[in-house]
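Dear colleague,

Please find below the structure that I am handing over to you, together with its sequence.

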Amino acid sequence: MKFKRSHHCNELREGQIGEEVVLSGWVHSRRDLGGVIFIDVRDRKGRTQTVFDPSDLPKELYETASSLHSESVISVKGKVRRRPDGTDNLKIETGRVEIVVVEMEVLNRADVIPFQIDDPEAAAKVHEEHRLKYRYLDLRRPEMLRNLQIRSKAATTTRVFMSEQEFLEIETPTLFKSTPEGAREFLVPSRIHPGKFYALPQSPQQYKQILMVAGVDKYFQMARCYRDEDLRADRQPEFTQIDIEMSFIDREDIYSLIESLLKRIWKETRNLDIPTPFLRLSYEEALNRYGSDKPDTRFDMEIVDFTEEFKTSQFKVFSGAVKKGGVVKALNAKGFACVTQGQLETLTKLAISCGAKGLAFIKVEDGNWKSPIVKFFSDEEKAALTEKLGIEEGDLILFAAGEWLSSCEILGAIRNKASEILQSQGKLTIPNDQFNFLWVIEFPLLAFDKEMNRWYSSHHPFTAPVEEDVHNLIDNPKEVRGQHYDVVVNGVELGGGSIRIHQPDLQRTVFEKVLQLSEEIVKERFSYMLEAFRYGCPPHGGIALGFDRMIAVLCGTGSIRDVIAFPKTAKGTDLMTDAPAEVEPRQLRDLHVQVNVADKE
RNA sequence: GGGGGUGUAGCUCAAUUGGUUAGAGCGCUGCCCUGUCACGGCAGAGGUUGCUGGUUCGAGUCCCGUCACUCCCGCCA
């Protein structure tokens, strides 16, 4: 490197005119006008125009400048000068000045790049497969660098805030013991112990509870977690959570801590003031009104119950559902009577994929109710629909009938999809700086697995029941509420947690009597926890926030891959490094592992 | 494991009902151009239409299979 850079590429203004400076960075674009050549030099902060004037430069340097491809790395020395009148570029912050180059060093001559990154619109459309393969190019785009900056800022803010609140940041092991109750785990074979395996943690749950027993009192960690499950736009095999646990607290302490933390993060990263305290919705209300336990409350289209009204309806699909103990529910997609046949088909398919048999609808057009089912409705039923749904010209009414949970979830999915379509048509507008935070509370502690014919924890088995419900644990588990809470923003589950069980007897009851884990399994998997609880365990509770999801929300992107530097594809591969890959037979021998995979033809 | 979408030039896309030599913009190469900033102008190169098999006189287009990416369901205590 011949010169040391003196300024970054978004630093020079009229104040530096006349100074000799050195800029280093990438060739963002080259504009060769036959005589004078302009090269915009870009770094992570921005870009600055440099000028190569043939009348003042050695021929060799001028020719080098004219031969540079985009994304070559150069260092230029020259004088800052005011741009000539009428040539300012107000699109960039350095646009009133330019560097008159006297010397240049080419630090790395770039080949022709596989896709253009200087035009933001074109670059954003490049297929994700290419972006992931050439991730270093994709990350050079200002949009991606901005995401990484927001992520870094949010992490720093979290650490500062948690430290102010006297939390200790403590690392827990990533080589953990297999606890096969929950998500599938990644296993790590042990070389030293033939036939034995570590597991990567799905979360530091058990360690953080043990830290409470250890008297840490307030713990947090930016924890890496690993789950070997199928992926989604908001799920990666490895991800980060802000993991928190506290002693001698109740649910209110968690609510106010997290509200303050999120308030601070939103302020520091986006300079937005989010109102606190957050709205609280019971699990039941969230499902009844929004059809989801992570409701998006930025738009209405609430679900309305018609179980009573259709109890004895002529329309057997509805009355039959009620007879079986089910419900009839509907929502009004305001102004969506213009729905096309194709869109209606999409919505129906969605409903079916969520477990519906079909999707009943009414289009309100030209003063008529257009619908294959409305002929079965009595005048009273129609009046009830009109009143409770506020039906007007141009509306689209959609129905679900059947089991309560499934009917709610079907309409919840329809509600989200309909809002998406209405937004794309400009009929529904949601400001992009609107963030509707809320707590979902009063979850049922347990859910029933029909296939396995047993109860399982709807959160995890360490969640404490609401005290007044404890007596129902064994005889009436359905009625037991858990001290569990989720924090939700704009339809995204940001995180969740609970007050934990700190009494060994109660924990043992939950494991053995309620979840019906055998004594041996409990001993094998959880004996150290039950033992720890016997030697002085404070009441405690905590929460974990999905850091990647939170950053995605802050950055306004739907995919967490856009806020992770090196994410995996939907099938868990890394397209840049080609992981996972086969290993040497020798490595397998050392690990006492034999593979059993059919050879590909 | 199941369902939907995508795959055509380096990139983004087009190609009527199955019908001539598969086109465009950007990028690339060459030439021209001294105030551009997504510079401009002229010319040119660039294709195993993801892969495999089939139907057909004829396949980018239709069918079977397969691969990759993606969205959703299952799954994610």
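**Overall composition**

Of the 601 residues in chain A, 33% are buried. Please bear in mind throughout that this is a predicted model. The chain contains 16 helices and 22 strands, and its C-alpha trace spans about 90 × 75 × 60 Å along the principal axes. Among contacts with a separation of 6 or more, 66% are between residues 24 or more positions apart.

Three domains are assigned: domain 1 (14–108), domain 2 (127–277 + 540–575) and domain 3 (299–424). Between the C-alpha centres of domain 2 and domain 3 the distance is 38 Å.

**Nonpolar cores**

The largest nonpolar core comprises 83 residues, and Val328 and Leu398 have the most contacts inside it. Because domain 2 and domain 3 both contribute residues to this core, it lies between them. A separate core of 17 residues includes Cys9, Leu12, Leu23 and Phe52.

Which residues surround Val328, once its neighbours within four places in sequence are set aside? Val328 is in contact with Phe306, Thr307, Phe310, Phe318, Ala321 and Val322, and also with Phe399 and Ala401.

With strand 3 (residues 46–52) the pairing is parallel, over two bridges, and Val51 has Val100 of strand 5 as its bridge partner. With strand 4 (residues 73–82) the pairing is antiparallel, over ten bridges; here Val76 is partnered by Met104 of strand 5.

Elsewhere, an open sheet of eight strands has the order 6-9-10-22-21-20-17-11, with mixed pairing. Strand 6 (168–169) and strand 11 (279–282) form its edges, each pairing on one side only. Strand 11 runs parallel to strand 17 (residues 437–441), and four bridges join the two. One residue pair to inspect is Arg280 with its bridge partner in strand 17, Trp439. Helix 8 (residues 283–290) lies across strand 11 and strand 17, and runs at about 90° to strand 11.

Helix 12 (residues 404–424) has 21 residues; from its first C-alpha to its last it reaches 30 Å, close to the 30 Å expected at 1.5 Å a residue. Its buried residues are Ser407, Cys408, Glu409, Ile410, Leu411, Gly412, Ala413, Ile414, Arg415, Ala418, Ser419 and Leu422. Just after helix 12, Gly426 takes a positive phi of about 75°.

With kind regards

How values were computed:
Residues numbered from 1 in each chain as written. Chains lettered and ligands numbered in written order. Predicted model: local features only at pLDDT ≥ 70, side-chain atom pairs only at ≥ 80, totals over all residues. Core = buried A, V, L, I, M, F, W, Y, C linked by C-beta atoms within 7 Å. Buried ≥ 20, exposed ≤ 12 C-beta atoms within 10 Å, placed from the backbone. Domains from an automatic or database assignment. Contact = placed C-beta atoms within 7 Å. Pairing = 2+ DSSP bridges. Axes fitted to C-alpha atoms, helices over the stretch in contact; angles between N-to-C directions. Expected span 1.5 Å × (residues − 1).
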